[in-house]
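These are my notes from going through one structure, entry by entry. I wrote down what I looked up and what came back.

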Amino acid sequence: MKQPGTLLTAIDTETVLSGGAFVHLDGALHGAFRTTDFASAVRLLDRVTEAADAMNHHPDVRLGYGRVGFRLSSHDAGGVTDRDLRLALRIQDLADTQGADRAPERPTRYDVAIDCTNAAAIRPFWRVGLGYVEVDSEGEVELVHPLGEGPRLWFQTMDIARTERNRIHLDVYVPAGDAESRVQDIISAGGELLTDEHAPDWWVLADAEGNELCVCTTAY
């Protein structure tokens, strides 16, 4: 048993969350529910608000007509802890009680990777052009939207400039349990699996003209 406040990985939470709306991706628990109308979505949010206040731990919320979504993360710890897991299970109970269904959409994160020989020389161009800001990611400088919108931009340094393929590719991060089915769906849609040597962390695929897409998971 991990101590309270200890960071939990996707492996730690997978069994506990199985069968419910919440999944673990990119350092947070994500869950979304469908209700019959806007008022019922607000009622569910009201119940969750009461539970969150009682636990002194609060989710990020997205509310719409017949839909309410939650993102849970312990910002002081930098990821998912037992507090998030307990709140996710409580939200699931409240949703079940009110007859809310799991929303069909699953969380994803999109990154754009640029192959380069000198990241520092080209990074200002992309930062200014996109209106992004620099962030430190495990010792590497990446670019993100200041409001957390849009894809993250990262730079893959090459010793020799790559000319035999496109130098920009996309990464899509999906929950670990969805990754293999996403890869198979891509292949069924005409994609080619270039390599799975790094699976289950990531798979490299390409379209019919060689443009690459990496399907990725996160362990935290």
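**Pocket.** I looked up which element gives the most to the lining of the second largest pocket, and α1 does, with four residues. Helices here are DSSP runs of H or I with at least four residues, strands are runs of E with at least two, and both are numbered from the N terminus. The elements that give two or more residues to this lining are α1 and β1. The lining holds 16 residues, and Glu14, Phe22, Val23, Arg106 and Gly177 lie nearest the centre of the pocket. I noted a volume of about 260 Å³ for the second largest pocket. My pocket search ran on a 1 Å grid over the protein atoms alone: a pocket is an open set of points where a 1.4 Å probe fits, with protein on both sides within 12 Å along at least five of seven lines, and a lining residue has an atom within 4 Å of a point. Grid points are joined across faces, edges and corners, and the volume is the space filled by probe spheres set on the points.

**Source.** The model is predicted: local features need pLDDT of at least 70, side-chain atom pairs count only at pLDDT 80 or more, and totals for chains, interfaces and linings use all residues. Residues are numbered from 1 along each chain as its sequence is written, and side-chain values use heavy atoms, with hydrogens and water left out.

**Helix α1.** Which residues of α1 are buried? In this helix, residues 10-17, they are Ala10, Thr13 and Leu17. Seen down the axis, the buried residues of α1 fall within an arc of 75°, so they line one face of the helix; the arc is taken from the directions from the helix axis to the C-beta atoms. I use buried for under 20% relative accessible area, exposed for over 50%, and partly exposed in between, with a 1.4 Å probe and protein chains only. Ile11 and Thr15 are exposed, on the face of α1 turned away from its buried side. The cover over the buried residues of α1 includes β1 (23-25), β2 (28-34) and α3 (82-97). After α1 comes Gly19, with a positive phi near 90°.

**Salt bridges.** How many salt bridges are there? I count 10, taking a side-chain nitrogen of Lys or Arg within 4 Å of a carboxyl oxygen of Asp or Glu.

- Glu50 and Arg47 form a salt bridge with N to O at 3.1 Å. Both sit in helix α2 (residues 38-55), three residues apart, which separates them by about one helical turn. Glu50 is partly exposed at 48% relative accessible area, and Arg47 is partly exposed at 31%.
- Glu134 and Arg127 form a salt bridge with N to O at 4.0 Å. Glu134 is partly exposed at 44%, and Arg127 is partly exposed at 30%.
- Arg152 and Glu142 form a salt bridge, with the closest N and O atoms 2.9 Å apart. This pair links distant parts of the chain, with Arg152 in strand β9 (residues 152-157) and Glu142 in strand β8 (residues 140-144), 10 residues apart. Arg152 is partly exposed at 24%, whereas Glu142 is buried at 12%.
- I also found a network of salt bridges that links Asp26, Arg109 and Asp111.

**Cysteines.** I searched the whole structure for disulfides and found zero. A disulfide is a covalent bond between the sulfur atoms of two cysteines. My cut-off was a pair of cysteine sulfur atoms within 2.5 Å. Cys116 is buried at 3% relative accessibility. For Cys216 the closest cysteine sulfur is also in Cys214, at 5.3 Å, and this too is too far for a bond. Cys216 is buried at 5%.

**Thr117.** I looked up where Thr117 lies: in the loop between β6 (109-116) and α4 (119-130). Thr117 is partly exposed at 45% relative accessibility.

**Whole protein.** I list five helices and 13 strands. The C-alpha trace spans about 55 × 40 × 40 Å along its principal axes. Of the 220 residues, 39% count as buried. With contact set at heavy atoms within 4.5 Å, 61% of the contacts between residues at least 6 apart in sequence join residues at least 24 apart.
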